[in-house]
Amino acid sequence: MRCMPEPATTSLDAALDAALRSRRSDHGGVPVGALLVPKRKLTSCRAALEAAVGDLRHGTRSDVRHALVVDRVTPDMFLLHVPATVAGVLDDPAAAPAELAAAVASAVGASGAVFYSGVRRCDALFGRALPPLAPRPGPPEAFTFAEVFAGIGGFRLGLEPLGGRCVFAAELDRAASRAYGAHWPAGGEPRAGDISSVHAADLPAFDLLTAGFPCQPFSDRGSKAGLLDLRGQLYRELVRLLSARQPAAFLFENVAGLVTMDGGARSASVARKAYTDAAFTPGRTFARIVEELSQCGYAVAGRSVPRRSSAASVPQRRPYLPSRCRGGWSALRSGCRSSGSASTWSGSDATSASRCGG
């Protein structure tokens, strides 16, 4: 819904207006969109939004500046792409904190802007469409995968030796992205930074979706804000991609704190760091995420894996959580989408991306 009525002075070419309106959909991802702002009001509108989000601690000014990309659509009108915090307020002001909703409404109202929900920065309308997947010579790959919240490419490291081909990668963090590029120079697959800036329909077809979505809101060493932290909502981008593209399977990773958050528990063996006997009681946060993934048509299973084990030889002694569509390797051949919403939790089964064929 719109937060502000459309002012009479704001106008666009009818075809462009229709194209922008068509971007809106109930996709399940984090809120996205752009404000159509008169040129003379652009600077003041941008500054007011930075103040509204940063000063009220619903984000950071650096995050807002990163998101506030500008596209000139007519000589006198600009599209100001807004961060998820602002887009969420404009989509549904009643659901937002009152102070934040009032500040955003004031910034938008003073500029006479119009909000277009669902507009994403990576779009052919703005000359930033994803490039097509380049053909690769040689025999066909065993399966294809898309790597989202890719980090430095941990999933890719395990999947390529199994015959998989990465057809899309997305990582927002600049340092991680540089490391990823150093390990895997661009090889024909399209890449992106912010996955919320990309239309799901523009991604190449893929058999498997992998992701290590942000753990800071769920980690014992993090904020523990859970779904109240905007980063904690980014799993919704995975729901969006699964719903739109319906790959045969998915494999996601996060910390074990995701399982216990909001009413869950760990057994005494976990408290003593005896992770090989790990047993978890899932909390409401994990149950909600599993339910949303299940509603995409998948049977979802979660497992805890000890970091220091034969399955994952790294120098930490803490568990991590891969969640996967049940079916393992065979899912990439026969599919593991399910008409039901079955989900399971198992505490001590050691599985990892490099063993997804086991």
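Is threonine 260 buried or exposed, and what is its relative accessible area? The views below belong to a predicted model, in which local features need pLDDT of at least 70 and side-chain atom pairs count only at pLDDT 80 or more, while totals for chains, interfaces and linings use all residues. Residues are numbered from 1 along each chain as its sequence is written, and side-chain values use heavy atoms, with hydrogens and water left out.

**View 1. Threonine 260 in helix H9.** Threonine 260 is buried, with a relative accessible area of 15%. Buried means under 20% relative accessible area, exposed means over 50%, and partly exposed lies in between (1.4 Å probe, protein chains only). Helices (H or I, at least four residues) and strands (E, at least two) are DSSP runs, numbered from the N terminus. Leaving aside neighbours within four places in sequence, threonine 260 is in contact with Ala265, Arg266, Phe280, Thr281 and Gly283; contact means heavy atoms within 4.5 Å.

**View 2. The largest nonpolar core.** This core has 42 residues, and Val148, Phe168, Leu209 and Phe252 have the most contacts inside it. A nonpolar core is a set of buried Ala, Val, Leu, Ile, Met, Phe, Trp, Tyr and Cys residues joined through side-chain atoms within 4.5 Å. At least two residues of the core come from each of strands E5 (143–148), E6 (164–170), E8 (208–211) and E9 (249–255), and from each of helices H8 (235–245), H9 (257–260) and H11 (284–294). Helix H8 gives the most, with five residues. Another core, of 22 residues, lies apart from this one and includes Val37, Val53, Val82 and Val86.

**View 3. Helix H8 packed against helix H11.** The two helices pack at an angle of about 15°, with their axes 9 Å apart. Axes are lines fitted to C-alpha atoms, for helices over the stretch in contact, and angles run from 0 to 180 degrees between N-to-C directions. H8 and H11 are therefore roughly parallel to each other; angles under 35 degrees count as roughly parallel, over 145 as roughly antiparallel, 65 to 115 as roughly perpendicular and the rest as oblique. The contact joins Tyr235, Arg236, Val239 and Leu242 of H8 to Arg288, Ile289, Glu292 and Leu293 of H11. These residues divide into five nonpolar, no polar and three charged. Here Ala, Val, Leu, Ile, Met, Phe, Trp, Tyr, Cys and Pro count as nonpolar, Asp, Glu, Lys and Arg as charged, and the others, Gly among them, as polar.

**View 4. The surroundings of helix H8.** The buried residues of H8 are Tyr235, Glu237, Leu238, Val239, Arg240, Leu241 and Leu242, and they pack against E5, E8, E9 and H11. Alanine 244, also in H8, is partly exposed, with a relative accessible area of 49%. Just after the helix, glutamine 246 takes a positive phi of about 50°.

**View 5. Leucine 227 in the loop between E8 and H8.** Leucine 227 counts as buried, at 15% relative accessibility. Not counting residues up to four places away in sequence, leucine 227 touches Phe218, Gly232, Gln233, Tyr235, Thr285 and Arg288.

**View 6. Helices H4 (residues 84–91) and H5 (residues 98–111).** Their packing angle is about 90°, with the axes 10 Å apart. That makes H4 roughly perpendicular to H5. Thr85, Val86, Val89 and Leu90 in H4 meet Leu100, Ala101, Val104 and Val108 in H5. By class, this contact has seven nonpolar, one polar and no charged residues.
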